[in-house]
Amino acid sequence: MAYNKPTIRELYCEFFYHQPIDTKTQLRLVDVFKKDAESIKIDPDVTGSPSNSLNFRIRLWMNKNELVQVFGNRIAFNYVPINSENKKYLGWDYFSGKALDVVSRVEQELNSKDWKYTRLVYLDTFTVPDTEDFTIGKVINCNGEVVPKLIQSSRVATDIIIGNGAFANYDNFQAKIRLYDKEKDLFKFDLESSFAMLSSNEINAHNVLKILHKKNIDFFESIITDYTREEIMGGEV
């Protein structure tokens, strides 16, 4: 679903290879993206030796809100709409198009599609005004299917962490819901959801992202209330 006032703070995907990317290959990938990058940052590893690719992290900022990262055994693409001038989320098609372009350029340079698995993460942030009837249950669906009823009347800092599956071993999901203590008559919420799936020769990167996107959206819709949809997110477009 698309809303008039989306709450997405950041959206990113990670494509993991079976083996770590060696330093020489990492620097080849810098050459692939550097002509389009506004800035490049290369962090040394913890020992200070750039030959250790497991801790060699490269960040290529395409602009203020788009980042390509190469580190360990992964390629990541981060999209941070709140960093853009108008702070506007441009939608799933925009993000997925950019992410798939990154993957395509990496696959072409390395002549390999040997991905082990893919992860897609959504980060949402929004504030809710303090009212007499405010509780976490007004904003988050605490019907017991995902979020326990036990916390539905909470008005203080609350953390909920759920998930299943060992990361990187098989399809898995993780989520965090955080309510902060009130500041200046506002309650702040952070929502994070992460879905990952193993790669398959039968499913290309486009369809993998499409599947993971649907899982994230379905999860998000399952934990928010109509109040959040209408009052916080401005209703459906």
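Trainee: What is the relative accessible area of D159?
Mentor: First, this is a predicted model: local features need pLDDT of at least 70, side-chain atom pairs count only at pLDDT 80 or more, and totals for chains, interfaces and linings use all residues. Residues are numbered from 1 along each chain as its sequence is written, and side-chain values use heavy atoms, leaving out hydrogens and water. Buried means under 20% relative accessible area, exposed over 50%, and partly exposed in between (1.4 Å probe, protein chains only). D159 is partly exposed, because its relative accessible area is 47%.

Trainee: Which residue forms a salt bridge with D159?
Mentor: Side chains of opposite charge can pair when their charged atoms come close. A salt bridge is a side-chain nitrogen of Lys or Arg within 4 Å of a carboxyl oxygen of Asp or Glu. For D159, the closest N and O atoms are 2.4 Å apart, and the partner is R178.

Trainee: How many residues apart are R178 and D159, and in which strands do they lie?
Mentor: Helices (H or I, at least four residues) and strands (E, at least two) are DSSP runs, numbered from the N terminus. The pair links distant parts of the chain. They are 19 residues apart, with R178 in strand β8 (residues 172–179) and D159 in strand β7.

Trainee: Is R178 buried, exposed or partly exposed?
Mentor: Its relative accessibility is 38%. R178 therefore counts as partly exposed.

Trainee: Which residues do salt bridges with shared partners join into one network?
Mentor: The whole structure holds 18 salt bridges. Shared partners join these residues: K35, D36, D101 and R105.

Trainee: What is the N to O distance between the side chains of K35 and D36?
Mentor: K35 is exposed, because its relative accessibility is 67%. D36 is partly exposed, at 34%. Their side chains meet in a salt bridge, and the N to O distance is 3.4 Å.

Trainee: Which residues make the nonpolar surface patch?
Mentor: Patches are made of residues with over 30% relative accessible area and no salt bridge: like charges are joined within 9 Å, nonpolar side chains (Val, Leu, Ile, Met, Phe, Trp, Tyr) within 5 Å. Areas come from the Shrake-Rupley method with a 1.4 Å probe, and for residues only the protein chains shown count as cover. I40, in strand β2 (residues 39–43), is partly exposed at 41%. The patch covers about 230 Å², and its residues are L27, I40 and I42.

Trainee: At what angle do helices α2 and α4 pack?
Mentor: Two packed helices are described by the angle between their axes and the distance between the axes. Axes are lines fitted to C-alpha atoms, for helices over the stretch in contact, and angles run from 0 to 180 degrees between N-to-C directions. For α2 (residues 92–110) and α4 (residues 205–223), the axes lie 10 Å apart, and the angle is about 140°.

Trainee: Which orientation class do α1 and α2 fall into?
Mentor: Angles under 35 degrees count as roughly parallel, over 145 as roughly antiparallel, 65 to 115 as roughly perpendicular and the rest as oblique. Helix α1 (residues 23–33) and α2 pack at about 125°, with axes 10 Å apart. Their class is therefore oblique.

Trainee: Is the crossing of α1 and α2 left-handed or right-handed?
Mentor: A crossing is left-handed if the near helix is turned anticlockwise from the far one by less than a right angle, and right-handed if clockwise. α1 passes α2 in a crossing that is right-handed.

Trainee: How far apart in space are G163 and A175, C-alpha to C-alpha?
Mentor: G163 is in strand β7 (residues 158–164). G163 is partly exposed, at 48% relative accessibility. In sequence, G163 and A175 are 12 residues apart; in space, the distance is 6.1 Å.

Trainee: What is the phi of K184?
Mentor: Most residues other than glycine have a negative phi, and most peptide bonds are trans. K184 sits in the loop between β8 and β9, and is exposed at 81%. K184 is not a glycine, yet its phi is positive, about 50°.
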